[in-house]
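Trainee: I have a model open and would like to go through it. Can we start with the terms and then move on to the residues?

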Amino acid sequence: MSIEEYLDDFGCNETEKAEILKCHSNNDTKGMITLLRKHRQTILGRIHNEEKQISSLDYFVFQLEKDIKAQ
């Protein structure tokens with residue numbers, strides 16, 4: 001698999017891909033690692049936000065079900 005395919009699989013945007021590929025062409029492995037770790041943090045931040053949304057949704061449904069039972 002090519003590096004471009006990996007970056008697509010990782011969900012990198014065009015800017016991120018260009019920066020990482022530039023590091024790759026300059027044999028700047030440390031730069032690549034830094035950018036990939038930054039992208040990982042971005043993904044993790046989205047996951048945490050979505051977990052919060054799921055928790056809020058679950059709590060709201062729980063409250064609605066509790067209200068139904070109280071009737």
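Mentor: Start with burial: buried means under 20% relative accessible area, exposed means over 50%, and partly exposed is in between, using a 1.4 Å probe and protein chains only. This is a predicted model, in which local features need pLDDT of at least 70 and side-chain atom pairs count only at pLDDT 80 or more, while totals for chains, interfaces and linings use all residues. Residues are numbered from 1 along each chain as its sequence is written, and side-chain values use heavy atoms, with hydrogens and water left out.

Trainee: Is Gly11 buried, exposed or partly exposed, and what is its relative accessible area?

Mentor: Gly11 has a relative accessible area of 46%, so it is partly exposed. Gly11 sits in the loop between helix 1 and helix 2. Helices here are DSSP runs (H or I, at least four residues), numbered from the N terminus.

Trainee: What is Gly11 in contact with, leaving aside neighbours within four places in sequence?

Mentor: Glu16 and His39 are in contact with Gly11 on that count. Contact means heavy atoms within 4.5 Å.

Trainee: And how far apart in space are Gly11 and Arg37?

Mentor: They are 13 Å apart, C-alpha to C-alpha, and 26 residues apart in sequence.

Trainee: New topic. Which residues of helix 2 are buried?

Mentor: Lys17, Ile20 and Cys23 are buried in helix 2. They cover an arc of only 130° around the axis, so they are on the same side of helix 2. The arc is that of the directions from the helix axis to the C-beta atoms.

Trainee: Why would residues three or four places apart point the same way?

Mentor: Because an α-helix has 3.6 residues a turn.

Trainee: Which residues are exposed on the other side of helix 2?

Mentor: Glu14, Lys22 and Ser25 are exposed there. As for the buried residues of helix 2, what covers them includes helix 1 and helix 3 (29–70).

Trainee: How far apart are the end C-alpha atoms of helix 2?

Mentor: They are 16 Å apart, which agrees with the 16 Å that the 12 residues of helix 2 (residues 14–25) should span at 1.5 Å a residue. The expected span is 1.5 Å times one less than the number of residues.

Trainee: Back to Lys17. Which residue forms a salt bridge with Lys17 at 2.5 Å?

Mentor: Asp8 does, and 2.5 Å is the distance between the closest N and O atoms. A salt bridge is a side-chain nitrogen of Lys or Arg within 4 Å of a carboxyl oxygen of Asp or Glu. By this rule the count comes to 2 salt bridges.

Trainee: Which side chains meet in a salt bridge at 3.0 Å?

Mentor: Those of Glu14 and Lys17, N to O. Both residues lie in helix 2, 3 residues apart, about one turn of the helix. Salt bridges that share partners join Asp8, Glu14 and Lys17 into one network.

Trainee: What are the relative accessibilities of those three?

Mentor: Lys17 is at 12% and counts as buried, Asp8 is at 43% and counts as partly exposed, and Glu14 is at 59% and exposed.

Trainee: Last one: where does Asn27 lie?

Mentor: Asn27 lies in the loop between helix 2 and helix 3. Although Asn27 is not a glycine, it has a positive phi of about 55°. Its relative accessibility is 67%, so Asn27 counts as exposed.

How values were computed
Helix = DSSP H or I, 4+ residues; strand = E, 2+ residues; numbered from the N terminus.
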